[in-house]
Amino acid sequence: MPRLVILRHAKSAWPEGVPDYRRPLADRGRTEAPAVGRWLAEHIPDIDLALVSPATRTRQTWDLVSAELPTVPEVRFEEQLYGEGAEAILDLLGALTEVKTVLVVGHNPDLELLVGSLTGEHPVLKTSTLSVVKCARGFRSGELVMTEKIRP
């Protein structure tokens, strides 16, 4: 049964004059992201694929998270994860075959909408929050297993 792990990027900074796409992590985000990686290493160490938004803050989140994992999965940086909506993410997931556990690192509101469309539940995904969805039939529907804000 496929499993989808959804991670909203760690806390980002808002430097003046920096476009949204290029915003880096804040100090708090640089502390939280490794804690997410440690949580994943302990609870979900068998990630097959990571789909990551190419925005600066999600790339930085992924770098810090993946440094804590026992094995780093294949990673794909996907433009569809940056503000193109939950349907675009579902399209990415629907194209996956032979993948058991996928980690998606992205942004709100798309991630909250994604969880809602898959499970009918609507958790609040603050920065550095993980949702785990057990998918019954591919990555098109599922059951929300947990949502947790990961803190160092």
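Angles under 35 degrees count as roughly parallel, over 145 as roughly antiparallel, 65 to 115 as roughly perpendicular and the rest as oblique. The model is predicted: local features need pLDDT of at least 70, side-chain atom pairs count only at pLDDT 80 or more, and totals for chains, interfaces and linings use all residues. Residues are numbered from 1 along each chain as its sequence is written, and side-chain values use heavy atoms, with hydrogens and water left out.

**View A. Packing of helix 1 against helix 2.** The axes of helix 1 (residues 27-43) and helix 2 (residues 56-66) come within 7 Å and cross at roughly 50 degrees; axes are lines fitted to C-alpha atoms, for helices over the stretch in contact, and angles run from 0 to 180 degrees between N-to-C directions. The two helices, helix 1 and helix 2, are therefore oblique to each other. Helices are DSSP runs (H or I, at least four residues), numbered from the N terminus. Arg30, Ala33, Pro34, Val36, Gly37 and Leu40 of helix 1 meet Thr61, Leu64 and Val65 of helix 2, where contact means heavy atoms within 4.5 Å.

**View B. Packing of helix 3 against helix 4.** The axes of helix 3 and helix 4 cross at roughly 65 degrees and come within 8 Å. From helix 3, Ala86, Ile89, Leu90 and Leu93 meet residues of helix 4, among them Leu111, Leu114 and Leu118.

**View C. Surroundings of Leu93.** Leaving aside neighbours within four places in sequence, Leu93 is in contact with Leu4, Leu51, Val102, Val104, Leu114 and Phe139.
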